[in-house]
Amino acid sequence: MAQRWMWIAWPAFLVAGLIEMLVFAFVDPRDLHWLGGGAIELSPMAIYTLAFFLFWAATMLSSMLTTLLARSPFEVNRCPLTADQRPPACPRPQQHRSAS
C-alpha cells in the first residue's frame, strides 16, 4: 500500500513543481485578483505555496484515478478474508481445472 502511495504522490509532486514553474513564469502573483475583482491580499510567497499545494492536490487526484483504473479484475474482486472467515457473499476463488 505504501508503494502505491508513492506511485501517486511522487510523480504528482514533480508535475506540480513543473506546473508551478510554468504558471508563474507568465503570471505575477501580485497581479492576481479574486473572481469578484478584489486584489488577493497575500504575499507572493504565500501565493506560490498555496498554488503549489493546489497543483499537487489536483495531480494527486489524477494519479489516484489512474492507479484505481489500472487495477486488475483479480485485485478488485479479491476477498481479503481467509477461507474460514469468508461469508457467503465472499466466495472462494475458483480452481482452474485442466480439460483432460
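I started by counting elements: the protein chain has 3 helices and 0 strands. I'm working from a predicted model here, so no experiment behind it.

I then read the order from the N terminus, and the chain goes α-α-α.

Next I checked the contacts in the protein chain. Taking those with a separation of 6 or more, I found that 62% join residues 24 or more positions apart.

How much of the chain is buried? I got 17% of its 100 residues. For the accessible surface I noted about 8,400 Å², with 68% of that belonging to carbon and sulfur atoms.

Which residues of H2 are buried? I listed Ile47, Ala51, Phe52, Thr59, Met60, Ser63 and Thr67. I also looked for what covers them, and helix H1 (2-26) is included in that cover.

Why does Ser63 count as buried? Its relative accessibility is 18%, and the cut-off for buried is under 20%. Setting aside neighbours within four places in sequence, I found Ser63 in contact with Ile8 and Ala12.

Key
Residues are numbered from 1 along each chain as its sequence is written. This is a predicted model: local features need pLDDT of at least 70, side-chain atom pairs count only at pLDDT 80 or more; totals for chains, interfaces and linings use all residues. Side-chain values use heavy atoms; hydrogens and water are left out. Buried means under 20% relative accessible area, exposed over 50%, partly exposed in between (1.4 Å probe, protein chains only). Contact means heavy atoms within 4.5 Å. Helices (H or I, at least four residues) and strands (E, at least two) are DSSP runs, numbered from the N terminus. Accessible areas come from the Shrake-Rupley method with a 1.4 Å probe; for residues, only the protein chains shown count as cover.
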